[in-house]
Amino acid sequence: MLTTVAAGRVFDHSFSYGMYALSGQGFWTPQDFALNGDTLYVVNRGAEDLGQRITICTLDHQYITQFGGPGSGDGQFVWPRSIALDRAGNIYVSDDYLHRISVFDKDGQFLSKWGNSGGGNGQLNAPAGIAFDSDDNLYIVDSLNHRVQQFTKDGTPLATFGKQGSGDGELDMPWGICIDSTDNVFVADWRNNRVQKFDANGNLLVKFEGTLSGVGGLSNPTDVAVDSEGDVYVTDWGNHRVQVYAPNGTFITTLLGDAQQPSPWAQTLIEANPDNMKARRRTNLEPEWRFRRPTAIKVDAQDRIFILESGNHRFQIYNKEKEYEEHALTL
């Protein structure tokens with residue numbers, strides 16, 4: 001187990017999960033995911049007219065099923081981007097080509113769709129990140145309209161904030177979103193190389209940023225997550241890393257990826273080819289351990305940090321210890 005220690009926090013790399021696959025067991029250019037207990041719902045973007053699907057699997061590496069598929073019909077996707085679950089466990093998926101939200105039940109059966117293209121109130125232009133608030137209303141990052149919109153679950157618009165620009169509270173091609181336990185809204189401001197935290201009414205509270213590639217800096221951040229202590233995690237897509245900040249925006253540390261042990265799915269494939277196993281023993285595998293295009297991030301109720309890599313078609317999972325002193329006593 002590899003450990004990162006910084007500012008009284010301890011991050012232990014736990015395990016990796018997933019591998020490349022055109023369909024079935026594995027992922028293809030995954031974009032986002034949702035957690036429901038030990039069940040994962042993973043958005044696969046695929047390529048061209050292949051591989052667009054949602055994969056359902058469990059944290060003990062069991063593949064369950066997949067649903068969706070390429071196309072513009074009901075329950076199909078062209079450029080699926082983000083996923084969120086409502087209180088009932090229904091599945092909402094944004095499609096930034098079709099400018100719509102598709103809704104499925106917990107087993108992947110298509111229920112409905114809503115959304116239409118445009119820049120008016122309630123219209124969408126390349127919807128990206130989505131997240132539910134405590135009232136089960138859906139926030140959508142309306143990326144090419146450079147704003148965030150709030151809707152009811154059936155698509156009725158409720159509120160909006162943001163406009164294009166680089167000033168405080170302004171957005172430029174925003175991407176990911178998360179909502180904390182008090183309904184504060186965190187937005188990955190992709191082209192402005194920062195994350196902004198807003199209250200539920202869209203008032204700016206904190207910015208998370210730094211020099212572009214230096215200490216605390218971000219290059220095209222794609223997603224953001226918050227743990228139980230308020231620490232903030234950002235997938236720094238352009239720099240192939242995850243940046244960690246304190247609640248007030250102070251930079252804490254960087255996670256680079258530590259997947260020295262392949263996932264069980266990948267290990268099975270490796271062991272099936274003895275020549276491949278020999279070649280790996282002669283190769284510097286460190287590049288394989290590191291993040292490649294980390295795209296989405298979530299923190300569960302146990303403060304486990306799930307980092308999804310679109311470039312490596314997998315997750316890396318870290319555990320966060322509450323107190324360094326407590327951790328040291330267990331070594």
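The structure is a predicted model, in which local features need pLDDT of at least 70 and side-chain atom pairs count only at pLDDT 80 or more, while totals for chains, interfaces and linings use all residues. Residues are numbered from 1 along each chain as its sequence is written, and side-chain values use heavy atoms, with hydrogens and water left out.

**View 1. The hairpin of S13 and S14.** Strand S13 (residues 147-151) and strand S14 (residues 157-161) run antiparallel and are joined by 4 bridges. Two strands pair if DSSP finds at least two bridges between them; strands (E, at least two residues) and helices (H or I, at least four) are DSSP runs, numbered from the N terminus. Between the two strands of the hairpin sit 5 residues, and Gly 155 has a positive phi near 100°.

**View 2. Ser 143, in the loop between S12 and S13.** Ser 143 counts as buried because its relative accessibility is 9%; buried means under 20% relative accessible area, exposed over 50%, and partly exposed in between (1.4 Å probe, protein chains only). With neighbours within four places in sequence left aside, Ser 143 is in contact (heavy atoms within 4.5 Å) with Asn 125, Ala 126, Ala 128, Met 173 and Pro 174.

**View 3. An open sheet of 4 strands.** The strand order is S3-S4-S5-S6, and the pairing is antiparallel. At the edges are strand S3 (30-36) and strand S6 (63-67), each of which pairs on one side only. On average, neighbouring strands of this sheet are turned by 20° against each other, direction ignored; axes are lines fitted to C-alpha atoms, for helices over the stretch in contact, and angles run from 0 to 180 degrees between N-to-C directions. Strand S5 (residues 53-58) pairs with S6 over 4 bridges, and Ile 56 has Thr 65 in S6 as its bridge partner.

**View 4. Phe 67 in strand S6.** Is this side chain's residue buried or exposed? Phe 67 is buried, because its relative accessibility is 8%. Not counting residues up to four places away in sequence, Phe 67 touches Arg 53, Ile 54, Ile 56, Phe 77, Ile 91, Phe 104 and Gly 108.

**View 5. The largest pocket.** Its volume is about 1,000 Å³. On a 1 Å grid over the protein atoms alone, a pocket is an open set of points with protein on both sides within 12 Å along at least five of seven lines, whereas a cavity is a set where a 1.4 Å probe fits but cannot get out; lining residues have an atom within 4 Å of a point. Of the 45 lining residues, Leu 35, Phe 132, Ile 179, Lys 298 and Val 299 are the closest to the centre. The lining has 19 nonpolar, 11 polar and 15 charged residues.

**View 6. The second largest pocket.** This pocket holds about 320 Å³ of space. Its 16 lining residues include Gly 18, Met 19, Ala 266, Ile 270 and Glu 288, the closest to its centre. Strand S2 (9-17), helix H1 (264-271) and helix H2 (274-281) each give two or more residues to the lining, and H1 supplies the largest share, 3 residues.

Definitions and conventions. Points joined across faces, edges and corners; volume = space filled by probe spheres on them. Nonpolar A, V, L, I, M, F, W, Y, C, P; charged D, E, K, R; others polar.
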